[in-house]
Amino acid sequence: MSEVRSIKSRNKVVLRQLLVKITAYYAILFGLVYLLVMVFPSSIEMLPIGGVGELSGNSTLNINQIEEALLSGDFDGEEFTTVADQSIGSLFLFSDAR
């Protein structure tokens, strides 16, 4: 019984050390990015944040327009189908992929 207890306590120590290391890593990463942006404000343009709308070709919508559409229920008359209504092939294909 004491052997199981010692294994559990060692596992807790290892997990706690891992949590501390991961937290320190992201804190340092955030701090470096923050310092970079404070020293060089134009570096924001080079950070890999956003841009998904531009890649998909639908960059004309901003977040406010999307939020209004979601909250008002205005989806341009799109019909929503359940998974049971779709074939198995349509579950793996995007409708806008060409």
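Reader: Is serine 43 buried or exposed?
Author: This is a predicted model. Serine 43 lies in the loop between helix 1 and helix 2 (52-56). Its relative accessible area is 5%. Buried means under 20%, so serine 43 counts as buried.

Reader: What distance separates the C-alpha atoms of serine 43 and valine 33?
Author: Serine 43 sits in a loop. Valine 33 is 10 residues away along the chain. Their C-alpha atoms are separated by 9.6 Å.

Reader: What percentage of the chain is made up of buried residues?
Author: The chain has 98 residues. Serine 43 is one that is buried. Buried residues make up 1%.

Reader: Which pattern does the chain follow along the sequence?
Author: The chain holds 3 helices. Strands number 0. Read along the sequence, the pattern is α-α-α.

Reader: How far does helix 1 reach from its first C-alpha to its last?
Author: Helix 1 spans residues 2-39 and has 38 residues. At 1.5 Å a residue, 56 Å is expected. The model comes close to that, with a reach of 55 Å.

Reader: Which residues gather with Arg5 in a patch of positive charge?
Author: Arginine 5 is exposed, with a relative accessible area of 57%. Patch members need over 30%, so arginine 5 clears that cut-off. On the surface, Arg5 gathers with Lys8, Lys12 and Arg16.

Reader: What share of the accessible surface belongs to carbon and sulfur atoms?
Author: The accessible surface of the chain comes to about 9,700 Å². Carbon and sulfur atoms account for 64%.

Methods. Residues numbered from 1 in each chain as written. Predicted model: local features only at pLDDT ≥ 70, side-chain atom pairs only at ≥ 80, totals over all residues. Heavy atoms only, no water. Patch = residues over 30% accessible without salt bridge, like charges linked within 9 Å, V, L, I, M, F, W, Y side chains within 5 Å. Areas by Shrake-Rupley, 256 points an atom, 1.4 Å probe, with all protein chains shown as cover. Salt bridge = Lys/Arg side-chain N within 4 Å of Asp/Glu carboxyl O. Lys, Arg positive; Asp, Glu negative; His and termini not counted. Charge placed at Lys NZ, Arg CZ, Asp CG, Glu CD. Helix = DSSP H or I, 4+ residues; strand = E, 2+ residues; numbered from the N terminus. Buried < 20%, exposed > 50% of the residue type's maximum accessible area, 1.4 Å probe, protein only. Expected span 1.5 Å × (residues − 1).
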